[in-house]
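This report walks through a single protein model, one topic at a time. Keep the structure in view while reading, and find each residue as it is named.

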Amino acid sequence: MSKILVTGGAGFIGSNFVRMLLQGSDHHVVNVDALTYAGNLENLVDCERHERYAFVKADIADAAAMDAVFAARRPDVVVHFAAESHVDRSVLDATAFVRTNVIGTQVLLDKARVFKTQRFVHVSTDEVYGSLGASGYFTEETPIQPNSPYSASKASSDLMVRAAVHTHHMDCVITRCSNNYGPFQFPEKLIPLMIANAMEGKKLPVYGDGKNVRDWIHVVDHCAGIKKAMEQGRAGEVYNFGGDAERENLFVVKEILRLLGKGEDLIHYVKDRPGHDRRYAMDSSKACATLGWRPAHTFEGGLRETVAWYQQNRQWWERVRSGAYQDYYKQQYGAR
Ligand code: NAD
Ligand code: TDX
């Protein structure tokens with residue numbers, strides 16, 4: 001039994017990971033999250049009264065606040081999810097991306113070193129490798145060539161983690177994963193946006209020609225990989241996780257419409273994203289061979305399950321879209 005400090009646990013992947021730890025281990029979990037627009041404590045309603053769970057509202061880029069958290073909680077392990085995560089927002093303004101993703105990571109590394117945290121798991125992305133042509137895969141040896149302000153900030157944080165390993169001999173592991181989908185994903189990302197828009201009979205905005213390719217992985221498979229990397233990963237190593245599910249965006253959108261019984265006339269081609277990466281595809285063979293990990297979901301099965309979740313949890317995403325979810329923290333924890 002360890003004390004795990006999870007950053008960004010009120011977000012999409014972090015909340016799924018917190019739930020996995022509470023249900024599938026005897027670890028204690030401290031969730032540190034600033035509750036930006038992407039942080040939603042309604043993602044953890046079923047966990048908030050768990051005896052091994054605690055929530056702290058704090059900003060990872062605030063060194064004094066992190067000092068207080070580490071001094072009070074003395075975590076054995078940090079699993080670091082907190083980030084600005086949406087590429088389109090980074091195109092409009094990269095300031096918060098540099099602050100949270102780069103400075104926030106450096107602050108956490110500093111505190112983990114001072115307070116002798118045993119292990120630091122840094123959750124990163126395939127986007128640090130840049131964009132692929134029609135063939136080939138990203139391996140852990142692929143050079144870092146980020147193209148968006150988001151991926152540049154994530155790559156910078158990866159390099160700070162690498163430096164902490166080499167300079168300070170810290171026990172850090174970096175995970176890099178492809179595009180996640182599943183329950184509790186904020187409806188600004190492709191899959192939940194398209195599901196929610198289709199359910200409301202709104203247009204589905206497809207960027208460019210819709211032929212960009214992403215390698216889709218169910219969030220639970222990603223979380224299982226992070227848990228394995230946390231438990232068995234070797235210090236200083238990078239582990240790639242992908243879903244073995246490369247699909248063109250247009251295919252994904254049409255599949256969502258089919259599952260919802262809606263017509264393709266809702267598809268609306270819009271101006272392309274500036275600097276839009278064409279294709280991502282992960283080679284996860286290292287994680288399969290050394291961690292005994294593999295994705296359990298097929299894309300078709302995972303998408304069907306996910307569409308059903310958004311149908312059954314309409315109130316969850318309607319409260320996100322209306323902004324009502326932001327009142328939840330005040331109601332549950334008081335005005336702090
Ligand atoms: P998300 O945007 O849903 O959640 C991010 C969380 O971090 C939110 O709860 C937010 O409140 C919190 N946060 C933001 N700034 C903070 C700060 N300064 N201090 C404390 N908390 C802060 O993101 P996600 O999709 O769950 O992604 C989680 C991590 O996984 C990120 O590091 C992202 O780069 C990485 N990742 C995401 C994907 C994906 O497909 N979503 C794929 C690979 C890697
Ligand atoms: O409205 C849209 N229309 C559209 O065509 C949106 C939001 C997206 N797209 C396209 C852009 C991409 O080719 O769909 C694809 C997926 O877009 P996003 O969901 O924004 O994801 P992406 O940009 O690929 O980045 C995601 O995967 C890697 C996450 O947001 C990152 O946090 C993660 O690191």
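## An enclosed cavity

In this predicted model, the count of cavities of 30 Å³ or more comes to one, and the volume of this largest cavity is about 40 Å³. Rolling a probe the size of a water molecule over the atoms is what shows where empty space is left.

The cavity is lined by Val87, Glu127, Ser148, Arg214, Arg273, Gly275, His276, Asp277 and Tyr280. Sorted by class, this lining holds four charged, three polar and two nonpolar residues.

## The second largest pocket

The second largest pocket has a volume of about 270 Å³, and of the 16 residues that line it, Arg162, Ile174, Arg176, Gly236 and Val238 are the closest to its centre. Which elements supply at least two residues each of this lining? They are helix H5 (149-168) and strand E6 (172-177), and the largest share, six residues, comes from H5.

By class, the lining of this second largest pocket divides into seven charged, seven nonpolar and two polar residues.

## Helix H10 and its buried face

Helix H10 runs over residues 299-312, and at 1.5 Å a residue its 14 residues should span 20 Å, which agrees with the 20 Å between its end C-alpha atoms. The buried residues of H10 are Phe299, Gly302, Leu303, Thr306, Val307, Trp309 and Tyr310. Seen down the axis of H10, these buried residues fall within an arc of 155°, so they line one face of the helix.

What do the buried residues of H10 pack against? Their partners are the strands E7 (180-181), E10 (217-218) and E12 (246-248), together with the helices H6 (190-199), H8 (249-260) and H11 (314-322). On the face of H10 turned away from its buried side, by contrast, are the exposed residues Arg304 and Gln312.

## Two residues with positive phi

Most residues other than glycine have a negative phi. Arg74, although it is not a glycine, has a positive phi of about 45°, and Asp244, which is not a glycine either, has a positive phi of about 50°.

Where in the chain does Arg74 lie? Arg74 is found in the loop between helix H2 (63-73) and strand E4 (77-80), and because its relative accessibility is 52%, over the cut-off of 50%, Arg74 counts as exposed. Asp244 is found in the loop between strand E11 (238-241) and strand E12, and at 64% relative accessibility Asp244 also counts as exposed.

## Residues apart in sequence

Ile4 belongs to strand E1 (residues 3-7). Is Ile4 buried or exposed? Its relative accessible area is 1%, which is under the cut-off of 20%, and therefore Ile4 is buried. Ile4 and Val77 are 73 residues apart in sequence, yet their C-alpha atoms are 4.9 Å apart in space. Leaving aside neighbours within four places in sequence, Ile4 is in contact with Leu21, His27, His28, Val29, Val30, Val77, Val79 and Met230.

Gln326 is placed in the loop between H11 and helix H12 (328-333), and with a relative accessible area of 45% Gln326 is partly exposed. From Gln326 to Glu42 there are 284 residues in sequence, while in space the two are 9.1 Å apart, C-alpha to C-alpha.

Terms used:
Residues numbered from 1 in each chain as written. Chains lettered and ligands numbered in written order. Predicted model: local features only at pLDDT ≥ 70, side-chain atom pairs only at ≥ 80, totals over all residues. Heavy atoms only, no water. Helix = DSSP H or I, 4+ residues; strand = E, 2+ residues; numbered from the N terminus. Expected span 1.5 Å × (residues − 1). Buried < 20%, exposed > 50% of the residue type's maximum accessible area, 1.4 Å probe, protein only. Arc of directions from axis to C-beta. Contact = heavy atoms within 4.5 Å. 1 Å grid on protein atoms, 1.4 Å probe; cavity = no way out; pocket = protein on both sides within 12 Å on 5 of 7 lines; lining within 4 Å. Points joined across faces, edges and corners; volume = space filled by probe spheres on them. Nonpolar A, V, L, I, M, F, W, Y, C, P; charged D, E, K, R; others polar.
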